[in-house]
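Here is a short briefing on one protein model. Look at the structure first, then read the points below.

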Amino acid sequence: MVRAENCINVYSEMNPWIDIVITIEPDEDYARAYEVVGKAYEEWFEDTHESDEPISEWIGEKLTESEIKYEMYFKSEVEEDD
């Protein structure tokens with residue numbers, strides 16, 4: 001089977017550990033989900049952010065609080081032999 005999904009890539013140019021893809025269920029409002037993810041990303045980096053949880057958990061909680069159905073995948077790179 002093949003299906004197209006809307007997704008959001010969350011990454012950091014300064015921290016390669018932050019590189020996740022969030023797929024949004026087809027029946028969800030993609031624009032709203034994108035807004036929630038963007039706001040959560042900015043909040044996590046703010047000085048006033050007091051949680052020690054990973055950014056993926058923070059964003060997931062914000063999507064859940066907004067009642068947005070999603071799946072989250074983490075980037076994994078395979079190192080090539082020289």
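In β3, glutamate 71 is the bridge partner of threonine 23. Keep in mind that this is a predicted model.

**Strands**

- Strand β3 covers residues 70-74. Five bridges join it to β2, and the two strands run antiparallel.
- Strand β1 covers residues 6-11. Six bridges join β1 to β2, again in an antiparallel arrangement.
- Isoleucine 8 stands opposite isoleucine 22 of β2.
- How enclosed is strand β2, residues 19-24? Five of its six residues are buried, so the rest of the structure largely encloses β2.
- In a regular strand, side chains alternate between the two faces of the sheet.

**Helices**

- Helix α1 spans residues 30-45, and helix α2 spans residues 55-65. Their axes come within 9 Å and cross at roughly 140 degrees.
- Why is α1 called oblique to α2? The crossing angle is roughly 140 degrees, and only angles over 145 count as roughly antiparallel, so this pair is oblique.
- The crossing of α1 and α2 is right-handed.

**Where the helices touch**

- From α1, the contact uses Ala33, Val36, Val37, Ala40, Tyr41, Glu43, Trp44 and Phe45.
- From α2, the contact uses Ile55, Trp58, Ile59, Lys62 and Leu63.
- What kinds of residues make up the contact of α1 with α2? Eleven are nonpolar, two are charged and none is polar.

Technical notes:
Residues numbered from 1 in each chain as written. Predicted model: local features only at pLDDT ≥ 70, side-chain atom pairs only at ≥ 80, totals over all residues. Heavy atoms only, no water. Buried < 20%, exposed > 50% of the residue type's maximum accessible area, 1.4 Å probe, protein only. Helix = DSSP H or I, 4+ residues; strand = E, 2+ residues; numbered from the N terminus. Pairing = 2+ DSSP bridges. Axes fitted to C-alpha atoms, helices over the stretch in contact; angles between N-to-C directions. Parallel < 35°, antiparallel > 145°, perpendicular 65-115°, else oblique. Left-handed = near helix turned anticlockwise from the far one by under 90°. Contact = heavy atoms within 4.5 Å. Nonpolar A, V, L, I, M, F, W, Y, C, P; charged D, E, K, R; others polar.
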